[in-house]
Amino acid sequence: MSISSFLTKKFLKSLFFPSHNRGEALPKGLIRLLKKQPGFWDLPELPEIGSPLSSSGLINDAQKSIAKKFNTKKCFFGVNGASGLIQSGIIAIANPGEYILMPRNVHVSVIKACALQNIIPIFFDVEFSLETGHYMPITKKWFTSVFNNLDFEKKRIVGVILVSPYYQGYSTDLEPLIKICHQHNLPVLVDEAHGSYFLFCENLNLPKSALRSNADLVVHSLHKSLNGLTQTAVIWHNGNLVEEKNLIKSINLLQTTSPNSLLLSSCEESIKDWLNKDSLDKYKKRILEAKKIFRELKKREIPLIETQDPLKIVLKTSEVGIDGFTADRFFYKNGLIAELPEMMTLTFCLGFSKQKDFIFLFHRLWKKLLIHTKKHHHLKAIKPPFRLLQTPEIPIGVAWRSKTYSVPLAESLGKISGDIICPYPPGIPLIVPGERIDKERIAWIETQSSYNKDLLNSYIRVLHN
Ligand SMILES: Cc1ncc(COP(=O)(O)O)c(C=O)c1O
């Protein structure tokens, strides 16, 4: 089968990213464009259009008017996902050899940018729930103790990365954390890939957007949490701690010289659609419907975890002795395609289209799952074994560039990793280049992979002694 024929395959329910639900919730402006002769719209950087970094043209106009609307200094569209813009943001903040403080559960794109530029991550651990197997939002108390343990004398820390919300929708109260960073004169980049729409909706009891919490750089994945096509993203710039010329330089460093005109138009349309009153009312309705779906499923005694993102349905499969990977295979076989299987849970994304019949279908399949699936007796989450603060033993960029050889993971104990070990989703790195592989981490990975055989490549590249 060719890729193009697979792309037309129908599923009963597509509960994954992108959030436009296979076109159903694409903005009208983009639908109009897509109805034209196929490919007609595939234009190069003509002077009238320009690019995200040009000082004139329609893209520049759109970015300027959107930034003005949100009272920020600048915003830039991106066509290599939130990943690409997060990486540009990091390179704008730090030079090679400088340190950035970040939670252990950052997205893998952060680690790749650090490896590329030899920017050294100082990882801080994050509270973990044994009940759900998920990282918890960061409290002010936790963050203060992280800061109290930092050695500012020995390490040139130049910035902080925060992630909120997480994949499952847990959201951190960012403002007090950003305040602590600013008291130390440190700029903050917030990876808000999963929370773009928080910026547009008031009065729905959604988390306060990072942009409204004084972050210096905020990255939104427009295909994950607005109605953009895959790869669309935006970075917002505020405050005086990140120099604009550095940001522009680093976007330019990583951006293709041929950004796709359809994707750039999708960036514009997906944001502007939420500024249109009628569309916004429709989306608000979808969010309220999502809250209702949650309540109805709870009433039917389906074990769900409530997070701050109503568009995520987090099914706690472990409650009935079923791991999330087994449940995922079951739902997939029955046409309900989820987004994120984990050991204890399975997360579904409702997206922005109307989810007709969802409650009925979900309930029916849940009952079938209970009858037909073998249960585990001892399904238990184990906290990933990290210290409160941890820096790779060898600078990440050096380890990344070193000569390595491949060994089975089980034989890598005590060696220095030249690899990123990072199951996707959720795309959180367990071992990064320059870290020594300890027995706790191997044990942790082995436990996880007994539930998910594909979870990791069982070989790892390590440095020669
Ligand atoms: C927290 C987080 N940040 C960033 C990204 C990258 O987003 P994108 O796929 O738009 O590059 C992801 C992707 O899964 C993510 O989960």
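This note goes through the ligand shell, the cores, the domains and some individual residues of the structure.

1. **Basis.** The model is predicted: local features need pLDDT of at least 70, side-chain atom pairs count only at pLDDT 80 or more, and totals for chains, interfaces and linings use all residues. Residue numbers start from 1 along each chain as its sequence is written.

2. **Ligand shell.** The ligand is surrounded by 15 residues. The closest are G81, A82, S83, A193 and S221. A residue is near a molecule or strand if its C-beta atom, placed from the backbone, lies within 6 Å of it. Sorted by class, the shell holds six nonpolar, seven polar and two charged residues. Here Ala, Val, Leu, Ile, Met, Phe, Trp, Tyr, Cys and Pro count as nonpolar; Asp, Glu, Lys and Arg are charged; the others, Gly among them, are polar. Helix α4 (residues 81-93) gives the most to this shell, with three residues.

3. **Helix α4.** Helices (H or I, at least four residues) and strands (E, at least two) are DSSP runs, numbered from the N terminus. α4 has 13 residues and spans 19 Å from its first C-alpha to its last. That is close to the 18 Å expected at 1.5 Å a residue, where the expected span is 1.5 Å times one less than the number of residues. α4 is mostly covered, with 13 of its 13 residues buried. Buried requires 20 or more other C-beta atoms within 10 Å of the residue's own; exposed means 12 or fewer, and partly exposed is in between, with C-beta atoms placed from the backbone.

4. **Main core.** The largest nonpolar core has 103 residues. Those with the most contacts inside it are I90, I100, V110, V188, A215, V219 and V234. α4 gives the most to this core, with seven residues. Domain 1 (28-273) and domain 2 (402-463) both contribute residues, so the core lies between them. A nonpolar core is a set of buried Ala, Val, Leu, Ile, Met, Phe, Trp, Tyr and Cys residues joined through C-beta atoms within 7 Å.

5. **Second core.** A second, separate core has five residues, including A25, L30, Y283 and F352.

6. **V234.** Leaving aside neighbours within four places in sequence, V234 is in contact with C75, F76, F77, G78, H220, L222, C267 and I271. Contact means that the C-beta atoms of two residues, placed from the backbone, lie within 7 Å.

7. **Domains.** The domain assignment gives domain 1 (28-273) and domain 2 (402-463). Such bounds come from an automatic or database domain assignment. The two domain centres, taken over C-alpha atoms, are separated by 28 Å. Six residues of domain 1 are in contact with nine residues of domain 2. On the domain 1 side that touches domain 2, four residues are nonpolar, two are polar and none is charged.

8. **Cis peptides.** F17 and P18 are joined by a cis peptide bond, with omega about 0 degrees. P18 sits in the loop between β1 (13-14) and α2 (28-34). Another cis peptide bond joins S164 and P165, with omega about -5 degrees. P165 is in the loop between β7 (157-163) and α7 (174-183).

9. **Positive phi.** N185 is not a glycine, yet its phi is positive, near 65 degrees. N185 lies in the loop between α7 and β8 (188-191). It is exposed, with 8 other C-beta atoms within 10 Å. E301, also not a glycine, has a positive phi of about 60 degrees. E301 is in the loop between α11 (277-299) and β11 (304-305). With 9 C-beta neighbours inside 10 Å, E301 counts as exposed.

10. **Q117.** This residue belongs to helix α5 (residues 108-117). Q117 is buried, with 20 other C-beta atoms within 10 Å. Not counting residues up to four places away in sequence, Q117 touches I91, P96 and G397. The C-alpha atoms of Q117 and I396 are 9.0 Å apart, although 279 residues separate them along the chain.

11. **G414.** The loop between β17 (404-408) and α15 (439-449) holds G414. G414 counts as exposed, with 11 C-beta neighbours inside 10 Å. Beyond residues up to four places away in sequence, G414 touches R436 and I437.
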